[in-house]
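Here are my notes on this model, point by point. Please read them with the structure open.

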Amino acid sequence: MTQKVAVLGTGKIGEALLSGMIRAGWAPADLLVTARRRDRADELRTRYGVTPVSNQDAAKSADTLILTVKPQDMGTLLDELAPHVPADRLVISGAAGIPTSYFEERLTPGTPVVRVMTNTPALVDEAMSVISAGSHATADHLAHAEEIFGAVGKTLRVPESQQDACTALSGSGPAYFFYLVEAMTDAGILLGLPRDKAHDLIVQSAIGAATMLRDSGEHPVKLRENVTSPAGTTINAIRELENHGVRAALIAALEAARDRSRELASGTKD
């Protein structure tokens, strides 16, 4: 049976998901979109052949609703959707920090809700999407969410109690790497390299290192030790990183991100 999927609030991540689903074989005729602006909706129709609808029409006609609006806009969206969402709709939330219970309390009793935290590499089909079930979501609902988000990268199921930690580690994770590349590029310039050459050196090193981490099966400590010769250049650099507390700073940064995710969740409670 054909399943209709609606992406509500189709921004960058929503569009990345939409385009990934089409590349994975979903028919544009089975995909609905909503957007705040009419010109944005028309752009999505022209680019992908999908059907723009209102939020209410999406709730009435789609089998699966994917909510990709910002966390601060979720309450308003749910107020608009609630009268039109029957209990057999699957609702997938991509909003950081908002628990499934928030949706369950505002929608028809028994509505299945799945919480997903993805990240911006969805734009290049390399996302890490973390999936958790609400109290009414079944294994079939989780598998359906995995099928959808698998179109733009890798998926991982976790208990919802781990979502805040996953948000800190993976949802925000790409920004940490971009920050590191920015700092290393500045260091390369300080050492006398042109910016473009420093950038290319660092980016390719990052791609190579990530591929080794993914494919080798080796622990990152072992991979680091393979680069670190006695009294060599790498160990001197590592010593400076340790002297400046980089490891401790990273741990503190991720704890701060996790705590902010919890604050976002507490802010949604009545």
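**Notes on the predicted model**

1. Start with alanine 82. Setting aside neighbours within four places in sequence, alanine 82 is in contact with Arg106, Leu107 and Thr108. Keep in mind that this is a predicted model.

2. Where does alanine 82 sit? Its place is the loop between helix H4 (74-81) and S5. The C-alpha atoms of alanine 82 and leucine 107 are 5.1 Å apart, although 25 residues separate the two along the chain.

3. Is alanine 82 buried or partly exposed? Its relative accessibility is 22%, so it counts as partly exposed. Buried would require under 20%.

4. The largest nonpolar core has 27 residues. Leu18, Met21, Ile66, Ile92, Val114 and Ile148 touch the most other members. Elements giving two or more residues to this core include strand S1 (5-8), helix H1 (12-23), strand S6 (113-117) and helix H6 (139-149). In soluble globular proteins, nonpolar side chains tend to be buried together.

5. Take valine 114 from that core. Beyond four places in sequence, valine 114 touches residues including Leu90, Ile92, Ile131, His141 and Ala145. Another core, of 21 residues, lies apart from the largest one; among its members are Ala62, Leu78, Ile98 and Tyr102.

6. Leucine 250 belongs to helix H12 (residues 246-267).

7. On annotation: an unreviewed UniProt entry lists residues 4-97 as "domain: Pyrroline-5-carboxylate reductase catalytic N-terminal". In the model, that span is 40% helix and 19% strand. Its end C-alpha atoms lie 27 Å apart.

Note on methods:
Residues numbered from 1 in each chain as written. Predicted model: local features only at pLDDT ≥ 70, side-chain atom pairs only at ≥ 80, totals over all residues. Heavy atoms only, no water. Core = buried A, V, L, I, M, F, W, Y, C linked by side-chain atoms within 4.5 Å. Buried < 20%, exposed > 50% of the residue type's maximum accessible area, 1.4 Å probe, protein only. Helix = DSSP H or I, 4+ residues; strand = E, 2+ residues; numbered from the N terminus. Contact = heavy atoms within 4.5 Å. UniProt positions renumbered as here; feature names shortened; annotations may be inferred.
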